[in-house]
Amino acid sequence: MEIRSRLLEQLVVEPGTAANIASRDSRWTGGPDFADLAHDELEQRAKDALRRGIEELSEAQELLWASDSYSLLVVLQAMDAAGKDSAIEHVMSGVNPQGVQVVSFGKPSAEELDHDFLWRITRALPERGRIGIFNRSHYEEVVALKVHPEWLETQRLPPGERDERFWQERYEDVNGFERHLDRSGTKIVKLFLHVSRAVQKERFLARLDTPGKEWKFNAADVDERARWDDYTAAFEDALTATSTTWAPWYVIPADHKPLTQVLVALVLAETVRSLDLRWPEVSEAEHAANLEARKKLEAEPSA
């Protein structure tokens, strides 16, 4: 537990402090606790830890479902090719699919543009007992649109300057929205997968070079890659402004996928544990009925 706590302390963006994305090492592999491990040993430790993390998350999800008092919303944001899809695939592999929903937000529809930017987010929230995963989210509204303010024109907003005050008000809207969700029983955990520019390039090229993977490549992503510094600045501003006690941000190093997946599982399991959930209690009447049912089962002739 001591190591887990130290890892979480390294990853969280403390509310009221700068995210400092640029100074965080995307190649970080766990700090002093794992510094003496060789690459192969680190790889195996990561695989073992992921297996345990998946089992722990599976148990946590069953308890979340049974208690039916909270839901968990996982927000995933990152540069392209940071490993969001693989993190979802591996970390959630042991969880009952009936209790999980994954939503990817793309270009807003005409109907969505006729509402405020949080309207479509509200409609996709997980119900109590379930885990919802937003693969990209309402944070596109304060990251991608800050890099491309011309995209705001389609939202037909009231007249006004799209200056720093405009973005600060959006951060306030997001914080207020998430505070409301937290008070209503939706626990929010936000993960920024921090990949380096060099590793993004490697993964882009791998998609082009690997048979059956080229469909994952989007040529437009290279144009967005040219705005790397702009996106980094937008993420820095957003994470700094919106990491709160009720919905914290965690910056997950994403150059080493196995460790990325371990850390995602760790954060999610610890988040559910923090809810201090309890298994539902059976009333005396229900317990008596169950005892009678047991007698009937035991009285049945053997097959």
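I started with two helices: α7 passes α10 in a right-handed crossing, which is the label when the near helix is turned clockwise from the far one by less than a right angle. Helices here are DSSP runs (H or I, at least four residues), and strands are E runs of at least two, numbered from the N terminus.

Before going on, I noted that this is a predicted model, where local features need pLDDT of at least 70, side-chain atom pairs count only at pLDDT 80 or more, and totals for chains, interfaces and linings use all residues. Residues are numbered from 1 along each chain as its sequence is written, and side-chain values use heavy atoms, with hydrogens and water left out.

Back to the pair: on α7 the contact (heavy atoms within 4.5 Å) uses Y171, V174, N175 and E178, and on α10 it uses D237, A238, A241 and T242. I sorted these residues into four nonpolar, two polar and two charged.

Next I looked up V75, which sits in strand β2 (residues 71-78). Is V75 buried or exposed? Its relative accessibility is 0%, so V75 counts as buried; the cut-offs are under 20% relative accessible area for buried, over 50% for exposed and partly exposed in between (1.4 Å probe, protein chains only). Beyond its neighbours within four places in sequence, V75 is in contact with residues including F134, Y139, I188, L191 and W249.

I also checked V75 against P258: they are 183 residues apart in sequence, and 19 Å apart in space, C-alpha to C-alpha.

Last, M92: leaving aside neighbours within four places in sequence, M92 is in contact with L57, A87, V100, I131, I133 and L268.

Methods
Nonpolar A, V, L, I, M, F, W, Y, C, P; charged D, E, K, R; others polar.
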